[in-house]
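Subject: A structure for you to look at

Hi,

Here is the structure I promised to pass on. Please open it alongside this email, and my notes will follow below.

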Amino acid sequence: AWAKYDNVSFRDLCIKLGVSKRCYNEAFEPMILTGLFAPGSECSAAAALGMAYFFVLKSQNSFDVRWCKGNIGKKIFQPWVDVMDGYVDF
């Protein structure tokens, strides 16, 4: 079953299945970038589905996503930089 998905990209599979552009860009693409370190257009659908099964579906109770409300740089990274500025002389 996996062989037929190995010749199609994950992005193409999502298009074929009717996944909206917004859903793909906001949910699936970040998951693929994080799990396979490449965009969905460069990953086989088989690799993406295998990764999703292993990390998400197999252990749903352990998988918890939190989306940042606002700019990640301002909300997460800038506070770290501000703290480090107090300790390290750049």
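This is a predicted model: local features need pLDDT of at least 70, side-chain atom pairs count only at pLDDT 80 or more; totals for chains, interfaces and linings use all residues.

First, the overall picture. The chain has five helices and zero strands, so from the N terminus on the elements read α-α-α-α-α. Of the 90 residues in the chain, 19% are buried. Among the contacts with a separation of 6 or more, 47% are between residues 24 or more positions apart. The accessible surface comes to about 7200 Å², and carbon and sulfur atoms account for 59% of that.

Back to α2, which covers residues 10–17. Phe10, Leu13 and Cys14 are buried in this helix. Seen down the axis of α2, the buried residues fall within an arc of 100°, so they line one face of the helix. As a reminder, an α-helix has 3.6 residues a turn, so residues three or four places apart point the same way.

Ser44 sits in the loop between α3 (21–36) and α4 (45–57). Is Ser44 buried or exposed? Its relative accessibility is 17%, and because the cut-off for buried is under 20%, Ser44 counts as buried. Leaving aside residues up to four places away in sequence, Ser44 touches Tyr5, Asp6, Val8, Ser9 and Phe10. A polar atom of the Ser44 side chain also lies 3.0 Å from the backbone nitrogen of Ala47.

The C-alpha atoms of Gly35 and Met51 are separated by 6.9 Å, with the two residues 16 apart along the chain.

Lastly, helix α5, residues 72–87. Asn71 caps the N-terminal end of α5, with a side-chain oxygen 2.8 Å from the backbone nitrogen of Gly73. Further along, α5 bends by about 40° at Gln78, and a proline, Pro79, follows within four residues. What about the span of α5 from end to end? At 1.5 Å a residue, its 16 residues should span 22 Å, and the end C-alpha atoms are 23 Å apart, which agrees.

Do write back with any thoughts once you have had a look.

Best wishes

Definitions and conventions. Residues are numbered from 1 along each chain as its sequence is written. Side-chain values use heavy atoms; hydrogens and water are left out. Helices (H or I, at least four residues) and strands (E, at least two) are DSSP runs, numbered from the N terminus. Buried means under 20% relative accessible area, exposed over 50%, partly exposed in between (1.4 Å probe, protein chains only). A polar contact is a pair of N or O atoms within 3.5 Å; within protein, one must be able to donate a hydrogen and the other to accept it, and residues adjacent in sequence count only if both atoms are side-chain atoms. Contact means heavy atoms within 4.5 Å. The expected span of a helix is 1.5 Å times one less than its number of residues. The bend at a residue is the angle between axes fitted to the seven residues ending there and the seven starting there. The arc is that of the directions from the helix axis to the C-beta atoms. Accessible areas come from the Shrake-Rupley method with a 1.4 Å probe; for residues, only the protein chains shown count as cover.
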